[in-house]
Amino acid sequence: MSNAKKLFIKTYGCQMNVYDSERMAEALGTSGYTQTDMAEDADMILLNTCHIREKAAEKIYSELGRMKALKEDKPDLKLGVAGCVAQAEGAEIIRRQPAVDLVVGPQSYHRLPELEARTRTGVRALDTDFPEEDKFEHLSARPKAKRGPTAFLTVQEGCDKFCAFCVVPYTRGTEVSRPVDRIFSEARDLVERGVREITLLGQNVNAYHGAGVDGDRTLAQLIRELAGIDGLERIRFTTSHPNDMSDDLIAAHGDCDKLMPYLHLPVQSGSNRILKAMNRKHTAESYLKLIDKIRAARPDILLSGDFIVGFPGETEADFADTLALIEAVNYGQAYSFKYSSRPGTPAAERAEVEEQVKSDRLARLQALLSRQQKQAQNDMIGRTVRVLFEKPGRLPDQMIGKSEYLHAVHTTGKDLRPGDLRQVKIVKSEANSLQGALIQKPQ
Ligand code: SAH
Ligand code: SF4
Ligand code: F3S
């Protein structure tokens, strides 16, 4: 392309957005765009947005304000909004920010080249449909560029669970699983391009039930089949719902070597009253029983979770139940949030817990979770783990990678390269990472 145009994408929110941003870059590659990491150089800026909490969504409008200034110097610059804010507030974005040329929802990314062409004729384009055609089918004409050692692969999208606080069923639509053969060809392609670890993505990834040649596959079946790909060393998946944590998936954690011993299993609250109000359809007891089963299959698994504090109606006693559940599970890692009221969700109609109370509970919850995280890191000292190295660190000859348990591990070694999988002895725990020493025999 003689006149290569430059594309800058800024990604917010979950891993699915990271995956989608890669796909958008590929789709616009066919319109002559190459990616840049400098907004100032761009001919097109895309914000791939998240609507999960109010703060996340509001950030977009202030970012758009900043990007608008770039347009003043460069009138041909196109400004686009993609992702979940685009889906939820498309028309509002067009109204609130006249500098926006294009708004595209998560199910319409395959239409980007056409939408981009429309903006070149001076039209403002808005596409927040849930089209019949499969967006992934249309996004698969990818260039064969070399890649880093880890990749995301979306296998399922959308959610039918309708937790009372959550926008995802509205922004991503109903649950859809991609067919097995599409996932396989994408996985093989990634491995050919240097990927050694694939994280299977879905808002409810363990509800996966994609079509195979001889019937549907569960996530566990899919994982076992993907494990047969030579050169693919590690498989992970995220995010799971407790109610879809089937026995075959639990068993896979016990007997599938390539499936890593890490599980993100959000519970949100430890109070049955609040879980009911959240429409979670599980109890604290059923969750704890599930954790026991998972640990029986894979005793060393590192468990991670999501928590919401200050959901409407949450009392101090409810909150105490959440702390008790955290004590009982002992998480290696976790994410926690203050409840944020989202327009259009059932919980938005309910009276809110006072902000100060939310902040206070979040601080107490995070203190407990960070004690557990620290303990889990300390427990690694002296142990030998296998690290998949991803990138150079700040120090000379330093490389950073991930252990089986998803701990970031940094180590020094002259011959280390991204993509190397090596045995490392953990010698020290730091704030959010571990320090390791290479065991000198190459694996
Ligand atoms: N599909 C996943 C994650 C969805 S969003 C699941 O079911 O677990 C990621 C996390 O954001 C959720 O697990 C929840 O903890 C948090 N979250 C979602 N909506 C929220 C809201 N309205 N306020 C605060 N946190 C929220
Ligand atoms: Fe949201 Fe609940 Fe669906 Fe997770 S399961 S995406 S929290 S509605
Ligand atoms: Fe955010 Fe949408 Fe992901 S709301 S968390 S970007 S599914």
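Just after helix α7, G194 takes a positive phi of about 105°. Helices (H or I, at least four residues) and strands (E, at least two) are DSSP runs, numbered from the N terminus. This is a predicted model, in which local features need pLDDT of at least 70, side-chain atom pairs count only at pLDDT 80 or more, and totals for chains, interfaces and linings use all residues. Residues are numbered from 1 along each chain as its sequence is written, chains are lettered from A and ligands numbered from 1 in the order in which they are written, and side-chain values use heavy atoms, with hydrogens and water left out.

**Helix α7**
- Helix α7 covers residues 180–192; its 13 residues should span 18 Å at 1.5 Å a residue, and its end C-alpha atoms are 18 Å apart, which agrees. The expected span is 1.5 Å times one less than the number of residues.
- V180, I183, F184, E186, A187, D189, L190 and V191 of α7 are buried (under 20% relative accessible area; exposed is over 50%, partly exposed in between; 1.4 Å probe, protein chains only).
- The cover over these buried residues includes α1 (15–29), β7 (150–154), β10 (197–201), β11 (211–212) and α8 (219–226).

**α7 against α8**
- The axes of α7 and α8 come within 11 Å and cross at roughly 35°. Axes are lines fitted to C-alpha atoms, for helices over the stretch in contact, and angles run from 0 to 180 degrees between N-to-C directions.
- This crossing of α7 and α8 is right-handed (the near helix is turned clockwise from the far one; left-handed is anticlockwise, by less than a right angle).
- From α7, V180, I183, F184 and A187 meet L222, E225 and L226 of α8 (contact means heavy atoms within 4.5 Å).
- The residues of this contact divide into 6 nonpolar, no polar and 1 charged. Ala, Val, Leu, Ile, Met, Phe, Trp, Tyr, Cys and Pro count as nonpolar, Asp, Glu, Lys and Arg as charged, and the others, Gly among them, as polar.

**α2 against α3**
- Helices α2 (residues 54–73) and α3 (residues 83–96) pack at an angle of about 35°, with axes 12 Å apart, and α2 passes α3 in a right-handed crossing.
- A57, E58, I60, Y61 and L64 of α2 meet V85, E89, E92, I93 and R96 of α3; by class, the contact has 6 nonpolar, no polar and 4 charged residues.

**T199**
- T199 lies in strand β10 and is buried, with a relative accessible area of 10%.
- Not counting residues up to four places away in sequence, T199 touches A151, F152, L153, R236, F237 and T238.
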